[in-house]
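This report describes some elements of one protein chain and how they sit against each other. Please view the sequence and the structure before reading on.

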Amino acid sequence: MTQPASPTDSLRSQPRSDAQATLPMFAVVGHPNQGKSSVVSTLVQDDHIAVSPVSGTTRQAHQYRLMLGEDTLYELVDTPGFQRPRQVLDWCAARSEQAADRPRALATFVTTHKQDPRFADDCALLEPILAGAGIVYVVDTDQPFDAAFEAELTLLSWSGQPRLALLNPMSRADNEPGRHEASWRPALQQYFSLVRVFNPLLAPFEQHLTLLRGMAEIHPPWRESLLRGIDALQQQRRARHQQAADLLVDYLQAVLRFELQLPVSGPREALHNAGLNQYNRELQRHERQLQDTLARLYGHRQLDWANEWQSLRSNDLTDAHEWRAWGLPRKKLASLSAGAGALGGLAVDAATGGTSLFLGTLVGGALGGLAGGFAGRHPLTFELVSRVPGYEMWQLGPVSSLEFATALTGRALRIWYQVRVRNHARRDALLLASQELAHWLDGLPRKQQVQLLFWLRKLLKRRLDETEKGQLQTLLLALGEQMELDNESSQPPTS
Ligand SMILES: Nc1nc2c(ncn2[C@@H]2O[C@H](COP(=O)(O)OP(=O)(O)OP(=O)(O)O)[C@@H](O)[C@H]2O)c(=O)[nH]1
Ligand SMILES: [Mg+2]
């Protein structure tokens, strides 16, 4: 697991020791309010780092480590923005007769001005670089390039440290380049060996890795460590998905098979209504638990679902309009359900194998599912389970309608989607209006679509054994990949 990155308060301006020197360390620098802390937050997977629209939010340099178990993969230093780069440059220029003097002039500047509040931010920014950090320069290319930036670029180049520039067009959430990218690129290319587009809020995980690969290329001594780090991150992500799919299988089993015993008291209708309220509270409790567990699994420690995620309301279960939207449109459900019904008649391993016989029955079974699957059904069974006088007992649940089952599944998958594609730099509300279950299913082969319904139908009848749970988990993993593909296709390119 990635441990929460924690800031190390003291930054040394002395050169790093040999052991430290092999650990990749980058200072993320730039003008104030360009998304520097957002870049750090996303790349160290820490949603506690101060990110805000107020310029000058970061006042001190903080070092963050991305840890995997006991290993540190890399360190990033979040820094305040440049304050008076022109004056720093003039001061250093006056004290360096030739190019070779410049790094020392920068170091002397920091030693001399450390306590001077006019240059506090500049010193805090330069210090980690002088201590050996590589440079990640972040710029909002929706702003025009001007001379003030040129002083920053010159100063950074004078450090002689490996460096790359990130273009972060902050008002864009689409594939468009920043409004002023054309004026930035030629300038940046003079000072940086690598220039990349990177949106810290929206870049999908694959783009994080592409960026890290870029960082690996600009400084050979760090290359191997960074490439190992990338492998470790990929493995960690795969493990997270597997664990998540496992949790989802258990969740679906728990909610679809949930039963509530109700000792008889009063009229049947009143009992039913009271039972529904209690049942619904249980569903909500399970769902909240799923949200929290998945969020933690993906390293989100302060997602506030309470205000942003619309929970099932107490009358949801009696009012199909409330939950119908979470599942599948009736037409799609009918056609898939027919296929799943036909599949039910075959050997279980046909659900993962797929044969021409299976495809034949799929077409043949076409309309049977509509009548048998859900039409007109109440979402939960409600029956008298004990008639012993004085001990009469009603039971509410398990779920009896496939439509309701897909609605609960749709909600659970959407929770998974929200946490797995969410970058740690985001501080905004979770959007409910993300992709639909039907849309994700459309990206899967028809066989897998039918399989999902097959397993849900099975769960309406009984609990799954371990082999079956494994098969459903595999299917959910494929669905998860599909959700991520959707996310990636709507993101900006990396370069
Ligand atoms: N829409 C959008 N907003 C962004 C993007 N990157 C950062 N922001 C927002 O811009 C604001 C500033 O981001 P920070 O990461 O705090 O910027 P910073 O450079 O660390 O700022 P200072 O610490 O004040 O110098 C925050 O509200 C971010 O959510 C982006 O790519 N798109
Ligand atoms: Mg900041």
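Val136 lies in strand S5; here helices (H or I, at least four residues) and strands (E, at least two) are DSSP runs, numbered from the N terminus. The model is a predicted one, in which local features need pLDDT of at least 70, side-chain atom pairs count only at pLDDT 80 or more, and totals for chains, interfaces and linings use all residues. Residues are numbered from 1 along each chain as its sequence is written, while chains are lettered from A and ligands numbered from 1 in the order in which they are written.

Val136 counts as buried because it has 29 C-beta neighbours inside 10 Å. A residue is buried if 20 or more other C-beta atoms lie within 10 Å of its own, exposed if 12 or fewer, and partly exposed in between, with C-beta atoms placed from the backbone. Apart from neighbours within four places in sequence, Val136 is in contact with Phe26, Val28, Val39, Leu164 and Leu166; contact requires C-beta atoms, placed from the backbone, within 7 Å.

Strand S2 (residues 25-30) is mostly covered, with six of its six residues buried.

S2 runs parallel to strand S4 (residues 71-78) and is joined to S4 by four bridges; strands pair if DSSP finds at least two bridges between them. Within S4, Val77 is the bridge partner of Ala27. S2 is also parallel to strand S5 (residues 134-139), with five bridges between them. There, Tyr137 is the bridge partner of Val29.

The helix packing can be set out next. Two packed helices are described by the angle between their axes and the distance between the axes. Axes are lines fitted to C-alpha atoms, for helices over the stretch in contact, and angles run from 0 to 180 degrees between N-to-C directions.

| Helix pair | Angle | Axis distance |
|---|---|---|
| H3 (residues 85-94) and H6 (residues 147-159) | about 45° | 8 Å apart |
| H3 and H4 (residues 102-113) | roughly 120° | within 9 Å |

H3 is therefore oblique to H6, and H3 is likewise oblique to H4. Angles under 35 degrees count as roughly parallel, over 145 as roughly antiparallel, 65 to 115 as roughly perpendicular and the rest as oblique. H3 and H6 cross in a left-handed way, whereas the crossing of H3 and H4 is right-handed. A crossing is left-handed if the near helix is turned anticlockwise from the far one by less than a right angle, and right-handed if clockwise.

On the H4 side, Val88, Trp91 and Cys92 of H3 make the contact with Arg102, Ala105, Leu106 and Phe109 of H4. These residues divide into six nonpolar, no polar and one charged. Ala, Val, Leu, Ile, Met, Phe, Trp, Tyr, Cys and Pro count as nonpolar, Asp, Glu, Lys and Arg as charged, and the others, Gly among them, as polar. Towards H6, Pro85, Arg86, Val88, Leu89 and Cys92 of H3 meet Ala148, Ala151, Glu152, Thr154, Leu155 and Trp158.

Notes
Contact = placed C-beta atoms within 7 Å.
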